[in-house]
Amino acid sequence: MSPPLELRVPLPGPVWGAYPERREPPRVRWPWGRAPYRSQLQAVRAAGPGWRALSEVAFVARVRAVQARIGRAGLSAERIVEALAAAVEAARRSLGLAAYDGQIKAALVMLDCRLAEMATGEGKTLSAALAAAVGALAGMPVHVLTANDYLVERDAGKLAPMYACLGLRVGFVIGPHAEAARRAAYALPICYVTARELVFDYLRDGQRRGFVQGDLPRRAAVLRDGDAGRPLLRGLCMAVVDEADSLLIDEAMMPLILSRQVKNSPARAFFWQAWQLAGGLEADVHFTLDAASLKARLSPAGSALLAERAGALGGRWRSSRLREEAVGMALAARHAYRRDVHYLVRDGKIEIIDEVTGRAAPGRVWSRGLHGLVELKEGCRASPATETLAQITFQRFFPRYHRLGGMSGTLREARGELREIYGLDVVYIPSRLPPSRKTLPGRIYTARNALWDAVARRVAEFVGHGRPVLVGTSSVAESEALSARLDAVGVAHRVLNARFDADEAAIVALAGEPGRVTVATNMAGRGTDIALAAGVAGAGGLHVMCCQFNASRRIDRQLEGRCARQGDPGSVERWISLETPRVADVPLLGALVRRYAADEAGRLAMPPRVLSTLLTLSQWRQAGRERRARRALLESDREWERGLSFGGPGE
């Protein structure tokens, strides 16, 4: 007798197809449908002594028996408890790690296809490994998604002994891997990979099979083309997503575009002409700049002047829509996109800086000619022209997994959207120890220079007490401006931004040393644990200074979460200026600023509670705008897919 449908394990094969993936929208998961995590946790703990008493041979034999029972009965609550107890014991035997109750509960939440909110430092890496191990013991190909290639390789290597203890093998995929290495890694029971690499491999598989839905045509393609027709993945059976809100919310709308190089000299010439025409237009006369949306809009005078100057060029320049769009993009490249804020120039190439993570994104390009215009601006060699083969967004990709779970330290603000779009319920996991973070009053200064002078004095004060300090800034340029100020006053420090991404692990490893100062962008907010050196806790722990104003409160909480981990002491405060990015757009701030005088150091006498309320309100409004934009894009994508449903998934 086969197990009930909801307990069946999606596997590549005759029942689920050679490439399992969900076609229908995900089912909404409501809180009242949650599994009884407390009783399951107690059952895992109760099974622990029995597993610990087994010899190595008996342990392996019992693991195989558990696998066989899952094959017969599916992933029922009883089978999940058995397999999870085995994984907990494997972690103890192979890694010397005793899983905490919170880590086990988080694994149960993810196996229940939900999201676990765990505070930073509570052991998300082991929680993900426990959930992945249970999925792999059930026979599913499991993808564990983490923040960057360094963490992918580190976690796969670190956890390999635990998986081996259960008779499982683990692989990983990073950017430099060739197709054969990728296929071999995905063929293993567990594969660690970044979301970008996974999605592009999925799109490549779609190109191989022509995006057909039927299993027989896919098998025919493999027989016809051999390895060239074989997919890289084994379908979308189960995924465990670390830093889930970053992928499912912050980067949800970013198009992931699979492209190929083409010869397209006419298009290159067209955008060179647009660049030249844009150089003859004056700000506030012929165009206005919207710095927030990184767009330029022509005024009636600008449109008239452009029509006059472009008239002699002929061709596509006769179309008012095309010429205004192209010149508007050239104006944005000239005036809105800023070096060391939106992109780096490294080795003669433009590298986009991811706004959410603060990391450079080699290989990512702006579309519709914008990338080439920025290359013109910086005098870089032009990249080859490309054409789009396929594209998808994260909010269309992740619902295609049959079993999807994840975790992050900052989920509660987005729980409604996560449930609506992905069908994912958020479950809060209490901290193992009471939090001890101190939040100090915020400050606002009149100008950026006054802010950096005050921050330098504040940092020197904490260094004098033997405390490490982490200063969060909004961009590469901001981090380097503060670095120059710290150099001027003789404060030794390290900088962690997109220029030094290769040194990230080494910089973070020392960031908890006494008197150590680290100036960072949002790179220090994701996938980074700062361990305190001996004696630092007694001095007060790590102090975090937030000198940025993020669009989302969640991103603020990520930076704050670097301190006061696992019951350690720590403190955080926000210091900004009226010139800090996004601050000028805060409603009512300009009117209130005129009410408060500034002291000789440039600090405005605005009450911290008033400042905090204004910033929180602005973030709430911005989050609402972004949420509506994501929902509109998803509805548009779904409508487009329905219109092309005869051709398979709408990539």
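The model is predicted, so local features are given only at pLDDT of at least 70 and side-chain atom pairs only at pLDDT 80 or more, while totals for chains, interfaces and linings use all residues. Residues are numbered from 1 along each chain as its sequence is written, and side-chain values use heavy atoms, leaving out hydrogens and water.

Select residues 149–165 to begin, which make up helix α6 and span 25 Å from the first C-alpha to the last; helices here are DSSP runs of H or I with at least four residues, numbered from the N terminus. Move along to Leu 159, where α6 bends by about 45° and Pro 161 follows within four residues, the bend being the angle between axes fitted to the seven residues ending there and the seven starting there. Buried residues of α6 include Leu 151, Asp 155 and Tyr 163, where buried means under 20% relative accessible area, exposed over 50% and partly exposed in between, with a 1.4 Å probe and protein chains only. Just after α6, Gly 167 takes a positive phi of about 80°.

Next select Arg 554 and Asp 245, whose closest N and O atoms are 2.7 Å apart in a salt bridge, defined as a side-chain nitrogen of Lys or Arg within 4 Å of a carboxyl oxygen of Asp or Glu. Arg 554 lies in α21 (553–560) and Asp 245 in α10 (244–250), so the pair ties together parts 309 residues apart in sequence.

Finally, show Arg 29 and Asp 112, which meet in a salt bridge at 3.5 Å, N to O.

Conventions:
Helices (H or I, at least four residues) and strands (E, at least two) are DSSP runs, numbered from the N terminus. The expected span of a helix is 1.5 Å times one less than its number of residues.
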